[in-house]
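Please keep the sequence and the model in view while reading.

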Amino acid sequence: MTKPSLPDLLHAAVSAVGGTERPGQVAMAEAVAEAIDDNSHRLIQAGTGTGKSLGYLVPALAHGERVVVATATLALQRQLVERDLPRTVDALHPQLRRRPQFAMLKGRSNYLCLHRLHEGAPQDEEDGLFDQFEAAAPTSKLGQDLLRLRDWADETETGDRDDLTPGVSDKAWSQISVSSRECLGATKCAYGAECFAEAARERAKLADVVVTNHALLAIDAIEGAPVLPQHEVLIVDEAHELVSRVTGVATGELTPGQVNRAVKRSAKLVDEKVADALQTASESFERVMELALPGRLEQIPEDLGYALMSLRDAARNVISAIGATRDKSVHDEDAVRKQALAAVENIHTVAERITNGSEYDVVWYERHDRFGATLRVAPLSVSGLLREQLFEDRSVVLTSATLKIGGDFNGVAASLGLSPEGVEGDDVPLWKGLDVGSPFDYPKQGILYVAKHLATPGREGTRGDMMDELAELIEAAGGRTLGLFSSMRGAKAAAEELRGRIDNPILLQGEETLGELIKNFAADPKTCLFGTLSLWQGVDVPGPSCQLVVMDRIPFPRPDDPLMSARQKSVEEHGGNGFMAVAATHAALLMAQGAGRLVRASGDRGVVAVLDPRLATARYGSFLRATLPDFWYTTDRNQVRRSLAAIDATAKADGK
């Protein structure tokens, strides 16, 4: 039998989902197929509307070997597993003569734990599951959540938290889930045969396509113990997010509350002397943290160093003692022991890591009004880790609507541990970049307006001229505005002021769930939605409800961000331009994602307005603009108001 051609397969898949074949999608599918056949690597920028999911799924399914697809967002994971994959498998079946299997796989704590549900959480008494059931149910929100979880456990087939709608609080979920460190293991657990997490892993082992997330991919790379099944091809979607997700997984933290919980959980499992030593170390650490001021610690202060060494040594002794003792008087001893070990091992690991003081780590204090101080440690860079763990022994395709920063792929490639395109050498993974463009006609569909006449934004304080400009733009647009702010403080200030100045309803992030806000924003064209980071990437509202996207300022990282400033300094010490490599690249990625909210369909029209004159006047402005969609560019405020009014009038004439 002749092998079906890729164009025929793609045509069948696109028809099945009711889509339209696009040249960019065909080019992408061919590039993915070539990478898989050559066992090589690709960075593929595919603009909004390309249909990139099918662009990689069709060649992956045709290939026949196991493929892992890692995404950053829950929305895309669900879309792949619930919509794209079932339809594509059905469409390709007549030509492939086989029906590829697919499965979703997440970290263990995303699945309901039957042992924890039935036996209770072996925590401090006030946190125990059934104590809370009795004390709280059914009047409190927590009690209601827990009762609903118990009912849901009898009917769910997956135990996956994301299949529970509406969702529950993190506190409620933590009562019926475990981390991989806390898990007893299927062979020791009375509920091992029914375990949802184990069932998900078994399904993944049998699947041709495994859909997972960046965090699990990072855990698989960092911890050395494989979590994902063996695979020949890795496709990373939303790849612009990968570095920050891997950094998050590789970041350790210590808080006095966390150390205290570990002390309580381990005290009943070890002799008094060993327990007292950890208690004393915990108290010393708490005293140091009470005086902690936010900021980077280039040198570990002497008092913190002593406290961390005491914690490390006491934690090590507790770990040894827990392993050597048995106490049948403790209810559900194995689970209690496992949870205590997980808590103490984490403290030992982080304390030892900071005490050892690697030049490749950044250590800093954070302070939260409500939760007090946190000590954090993160890698200066994850590029070496990604180069070693990601690109060996498999073909890797990384794709996103935003991979070319300042006009080329090399910036993103460097963050992934790759050399510039075409550079060969020992241990240097070779890769090719491909920009398949977008089906949208950006110069005709959108305007990029920079408010060049405004004052340059300062670090703090209200911007009266910016508020006036924002109010005028919204009124010209008839509402229909997504306001993207670089801080929650800025979003709140703008919402409070404009609610008193204009008639359009203004929704503010945090006042409702994100899903509810987006639904209400899409439903009423007169409405505006203001918010911060998750809105820059998480809003998909095609049509007339979103015809003006406003960015209050260029979203550079805060100058006092310890990790970003350390990365910037490191680049400068190695002879590079730290500002461009770190701060400007960070801002460019966010701005490209934010500008991408405007044109989501071929009929969309509108304006992206940047209320920061530096995009027009600063030397780095052209670098940032080169990363944005190719909109028609202007700094003429009167022109942009006329355009917005015309777009609004057209939408109203169409009854929208």
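Does Cys113 count as buried or exposed? At 15% relative accessibility, Cys113 counts as buried, because the cut-off for that class is under 20% relative accessible area. The model in view is a predicted one, and the values below should be read with that in mind.

**Cysteines**

A search of the whole structure finds zero disulfides. Cys113 is in no disulfide, and the nearest cysteine sulfur, which belongs to Cys189, is 6.0 Å away. Cys195 is likewise in no disulfide, with the sulfur of Cys183 as its nearest cysteine sulfur at 6.1 Å. A disulfide is a covalent bond between the sulfur atoms of two cysteines.

**Cavities**

| Cavity | Volume | Lining by class |
|---|---|---|
| Largest cavity | about 240 Å³ | 15 nonpolar, four polar and three charged residues |
| Second largest cavity | about 30 Å³ | five nonpolar, no polar and one charged residue |

The second largest cavity is lined by Leu6, Pro7, Leu10, Val26, Ala29 and Glu30, and the elements that give two or more residues to its lining are helix 1 (6-16) and helix 2 (23-38).

**A buried helix and an open sheet**

In helix 10, which spans residues 214-222, the buried residues are His214, Leu216, Leu217, Ala218, Asp220 and Ala221. The cover over these buried residues includes strand 2 (67-71), strand 4 (209-213) and strand 5 (233-236), along with helix 11 (242-249) and helix 16 (383-390).

Elsewhere, four strands form an open sheet in the order 6-9-8-7, with antiparallel pairing. Strand 6 (252-254) and strand 7 (295-296) stand at its edges and have a single partner strand each, so one side of each is left without a neighbour in the sheet. Strand 8 (residues 361-368) and strand 9 (residues 372-379) pair in the antiparallel sense over eight bridges, and Tyr365 stands opposite Leu375 of strand 9.

**Backbone details**

Most residues other than glycine have a negative phi, and most peptide bonds are trans. Against that background, the peptide bond from Thr165 to Pro166 is cis, with omega near -10°, and Pro166 is found in the loop between helix 7 (141-155) and helix 8 (170-174).

Two arginines have a positive phi although neither is a glycine: the value is about 60° for Arg97 and about 50° for Arg480. Arg97 is found in the loop between helix 4 (74-96) and strand 3 (102-104), whereas Arg480 is found in the loop between helix 19 (464-477) and strand 13 (481-484). Which of the words buried or exposed applies to Arg480? At 2% relative accessibility Arg480 counts as buried, while Arg97 is exposed, with a relative accessible area of 62%.

Conventions: Residues are numbered from 1 along each chain as its sequence is written. This is a predicted model: local features need pLDDT of at least 70, side-chain atom pairs count only at pLDDT 80 or more; totals for chains, interfaces and linings use all residues. Side-chain values use heavy atoms; hydrogens and water are left out. Buried means under 20% relative accessible area, exposed over 50%, partly exposed in between (1.4 Å probe, protein chains only). Contact means heavy atoms within 4.5 Å. On a 1 Å grid over the protein atoms alone, a cavity is a set of points where a 1.4 Å probe fits but cannot get out, and a pocket is an open set with protein on both sides within 12 Å along at least five of seven lines; lining residues have an atom within 4 Å of a point. Grid points are joined across faces, edges and corners, and a volume is the space filled by probe spheres set on the points. Ala, Val, Leu, Ile, Met, Phe, Trp, Tyr, Cys and Pro count as nonpolar, Asp, Glu, Lys and Arg as charged, and the others, Gly among them, as polar. Two strands pair if DSSP finds at least two bridges between them. A disulfide is a pair of cysteine sulfur atoms within 2.5 Å.
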